[in-house]
Amino acid sequence: MKLINILTFVASFLLPSLFFQSIVADTNNRMLKYGITPDSYPPYLFNKQDQLDNYEGIITDTLKIIASQLGYEVKTVLLPQNRLKRQLYSGKIDVLPFAIEWIDQRDKVEYSDTIMRVKDVVWSLKSAPVKYSKPEDLFGKNVVTHIGYHYPTLQPYFDSQQIIKKETNTNLNVLKLITKKRTSTGIVAQLTGQWLALQNNWTADLYFSEQEVNGFDYRFLFGKKWKSLIPKFNKQLNKIKTNGTLTTIINKYTQQKKVANFTF
């Protein structure tokens, strides 16, 4: 009888502790560690107030909405790109906003359906629009790009000098050079250009091509342990793409009534 009392006494202390540990474990299992780089890429990813938990943008908003719908919280992890990839492979972080083409070890990741297509387009002045549909439309022109950015469809013509490539250090400077008439054309992602034009009151001055120069499909890349989550995640992603939620998020950052010729 005394042994039963002792066991009951011990259990009265152990059970609450085990229960608390199970709650903590479950909480950790419902947390998605979201890896992003310190570099801003508005309106897709950026930080307006230099605070770790204040990152926002189209991609971040999309992840947080879907995670919430599935019962998860999102915790931001800020690291350089190569470290993010290594930590995704090893399982130290859970999800990255990425393109499949940027991953060198695809067997170590799972990936969502496409969130949206990022279109690199040709920008010019509305008063002298450059109607781009093929590389030949840029022959003989100076085209300003962000330094370090690559455009495979145009590279042969850059190499042959049929198109003169000039580089500057930000997308903002690309558009600024156009508005100041120091170049006739530049290449910036469509929504990035729309966001920058809005911030700088250039919307009435700038024109962008409907045809993309290059582009990529933004997706969420997950560690292998999240394989079973992907079908549920994709279901919610496709739901917000079809019910107008994603369009509302995009319009929040570009203040457009509609997104012209945009591909989800």
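I looked up Pro-42 in this predicted model and found a relative accessibility of 15%, so Pro-42 counts as buried. I placed Pro-42 in the loop between strand 1 (31–36) and strand 2 (46–47). Leaving aside neighbours within four places in sequence, I found Pro-42 in contact with Thr-192 and Trp-195. I also took the C-alpha separation of Pro-42 and Ile-59, which is 9.8 Å across 17 residues of chain.

Next I checked confidence. The protein chain averages a pLDDT of 87, and 83% of the residues score at least 70. I noted that pLDDT stays under 50 over residues 17–27, with zero contacts beyond four places in sequence. Residues 257–261 also stay under 50, but there the model has nine such contacts.

Then I searched the whole structure for salt bridges and got seven. One of them joins Asp-94 and Lys-225, at 3.6 Å from N to O. Asp-94 lies in the loop between helix 3 (81–90) and strand 5 (95–98), and Lys-225 in the loop between strand 11 (206–223) and helix 7 (230–242), so the pair ties together parts 131 residues apart in sequence. I found Asp-94 buried at 2% relative accessibility, whereas Lys-225 is exposed at 59%.

I looked at Lys-224 too: a salt bridge links Lys-224 to Glu-110, with the closest N and O atoms 2.6 Å apart. Glu-110 sits in strand 6 (residues 109–111), 114 residues from Lys-224. Lys-224 is partly exposed at 43%, and Glu-110 is buried at 15%.

Last, I recorded Arg-117 with Asp-217 at 3.2 Å. Arg-117 is in strand 7 (residues 116–125) and Asp-217 in strand 11, 100 residues apart. Shared partners join Arg-117, Glu-212 and Asp-217 into one salt-bridge network.

Notes:
Residues are numbered from 1 along each chain as its sequence is written. This is a predicted model: local features need pLDDT of at least 70, side-chain atom pairs count only at pLDDT 80 or more; totals for chains, interfaces and linings use all residues. Side-chain values use heavy atoms; hydrogens and water are left out. Helices (H or I, at least four residues) and strands (E, at least two) are DSSP runs, numbered from the N terminus. Buried means under 20% relative accessible area, exposed over 50%, partly exposed in between (1.4 Å probe, protein chains only). Contact means heavy atoms within 4.5 Å. pLDDT is the predictor's confidence in each residue, from 0 to 100. A salt bridge is a side-chain nitrogen of Lys or Arg within 4 Å of a carboxyl oxygen of Asp or Glu.
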